[in-house]
Amino acid sequence: MNANQLISMFTRLVARRAMTWGINKGLGTLSRGKTGSGKTGFGKSGLGKRRSDAQMQDLVRKMRTLLRLTRR
């Protein structure tokens with residue numbers, strides 16, 4: 001293996017892990033319904049309705065399953 005292959009392999013590894021971490025972090029935030037600086041986000045709708053915690057956890061579970069399937 002030459003240096004170029006090693007560098008590209010390491011870069012792919014780091015990028016994949018960073019992307020997975022970011023996706024999981026975002027899904028975790030969505031499932032808890034956090035919104036940043038008072039803005040309306042996915043956790044809260046403009047009409048003041050909230051999805052139940054069970055619905056959000058189910059949605060996150062489905063998204064993680066989908067993510068796992070698309071990685072293969």
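How many salt bridges does the structure hold? I found 2 salt bridges (side-chain nitrogen of Lys or Arg within 4 Å of a carboxyl oxygen of Asp or Glu).

Ground rules first. I'm working from a predicted model, where local features need pLDDT of at least 70 and side-chain atom pairs count only at pLDDT 80 or more, while totals for chains, interfaces and linings use all residues. Residues are numbered from 1 along each chain as its sequence is written, and side-chain values use heavy atoms, with hydrogens and water left out.

Entry: the salt bridges. I looked up Arg 61 and found its side chain paired with Asp 58 at 3.3 Å, N to O. They sit 3 residues apart in helix H2 (residues 53–71), so about one helical turn separates them; helices here are DSSP runs of H or I, at least four residues, numbered from the N terminus. Lys 62 also bridges to Asp 58, with the closest N and O atoms 3.5 Å apart. That pair is 4 residues apart in H2, again about one helical turn. I noted Asp 58, Arg 61 and Lys 62 as a linked network.

Entry: accessibility. Asp 58 is partly exposed at 30% relative accessible area, and Lys 62 is exposed at 52% (buried is under 20%, exposed over 50%, partly exposed in between; 1.4 Å probe, protein chains only).

Entry: helix packing. I checked H1 (residues 3–32) against H2 and got an angle of about 165 degrees, with axes 9 Å apart (lines fitted to C-alpha atoms over the stretch in contact; angles run from 0 to 180 degrees between N-to-C directions). That makes H1 roughly antiparallel to H2 (over 145 degrees).

Note on methods:
Helices (H or I, at least four residues) and strands (E, at least two) are DSSP runs, numbered from the N terminus. Angles under 35 degrees count as roughly parallel, over 145 as roughly antiparallel, 65 to 115 as roughly perpendicular and the rest as oblique.
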